[in-house]
Amino acid sequence: MDRRKFMGSAMATAGMLTGFEAVSVAEKAPAQFANKLSLKILGTNWGFTGTTDAFCAEVKKEGYDGIEMWWPATKEKQKELFTALKKHGLDVGLLCGSGEKDYAAHLDAFKKQIDAATTQFEQKPLYVNCHSGKDFFTYDQNKAFIDHTTAATLKTGIPIYHETHRGRMLFAAHIARNFIEKNPDLRLTLDISHWCNVHESLLADQQETIQLALSRVGHIHSRIGHEEGPQVNDPRAPEWEAAVKAHLAWWDTVVEHKVKSGETLTVLTEFGPPNYLPTVPFTHQPLADQWGINVHMMHLLRKRYLA
């Protein structure tokens, strides 16, 4: 049996509801948004190979509210982005970050991106999400990234979030807790799949820390990780039920906080392409359909969290 026939047969054998869908339907969320505008779900261009206009057209066709992508480095690319957003009627969240290993150069590049993304736009972003600092910078060095974004938010009114991402400032739960406790204005993009990977667990032994982090979340990257990696091959597969349940419980808590506070929640469906998405050896052929998984997540998140 070839791979395509095998995948079709496997999905059919699994039944109507598998993995994420089965758990989401069986267990009602403890809180839901009464106003559909309170939950905005965005699509990622990570892995998309076409133009920005083509990407926005596909996102619009699928029914997303908007997109998240990196702040464009050139005026030409910025114009391309904002033209496409206007044409297709989409919201946008922006990504900022830096990769330099030298601290001074890294911080300088980061500040320039943040300043540009929060002042030089044609359409105001819903938020800015940061890949902040490095895991090997000191606490005081990484705190400078928080201080700069706090000042930028006060100046512009644009929420700026720091992502729980491997290799970055908030790469591990216990490290993030120290930053959270010492920086009351710090707000997070929750991509907790990274912490599952870093701690090689579903974090059951760090409940107090996780609950503290969930109380500071402004934005979610809704990828599902597991004990040995930041992304399951397909959340619809029943073998990932434990990981799915864990992530749903974390997201449920964030939604409950937002419903009670009357705040809007933004969510990015962020299952990535190879090599985040596992592949067949020797062929680099992905084991699942990245775009299809993200669209599936978008529909299920709306079903779970909108009344």
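Guide: Gladly! A crossing is left-handed if the near helix is turned anticlockwise from the far one by less than a right angle, and right-handed if clockwise. Helices are DSSP runs of H or I, at least four residues, and strands are runs of E, at least two, numbered from the N terminus. This is a predicted model, where local features need pLDDT of at least 70, side-chain atom pairs count only at pLDDT 80 or more, and totals for chains, interfaces and linings use all residues. Residues are numbered from 1 along each chain as its sequence is written, and side-chain values use heavy atoms, leaving out hydrogens and water.

Visitor: In which hand does α10 pass α11?

Guide: The crossing of α10 with α11 is right-handed. Contact means heavy atoms within 4.5 Å; here L248, W251, D252 and V255 of α10 meet M297, L301, R304 and Y305 of α11.

Visitor: Which residues have the most contacts inside the largest nonpolar core?

Guide: A nonpolar core is a set of buried Ala, Val, Leu, Ile, Met, Phe, Trp, Tyr and Cys residues joined through side-chain atoms within 4.5 Å. Buried means under 20% relative accessible area, exposed over 50%, partly exposed in between (1.4 Å probe, protein chains only). The largest such core has 76 residues, and I67, V128, W251 and Y305 have the most contacts inside it. Helix α10 gives the most to this core, eight residues.

Visitor: Is C130 buried or exposed?

Guide: C130, in strand β4 (residues 128–131), is buried, because its relative accessible area is 0%. Beyond its neighbours within four places in sequence, C130 has contacts including C96, F110 and Y161.
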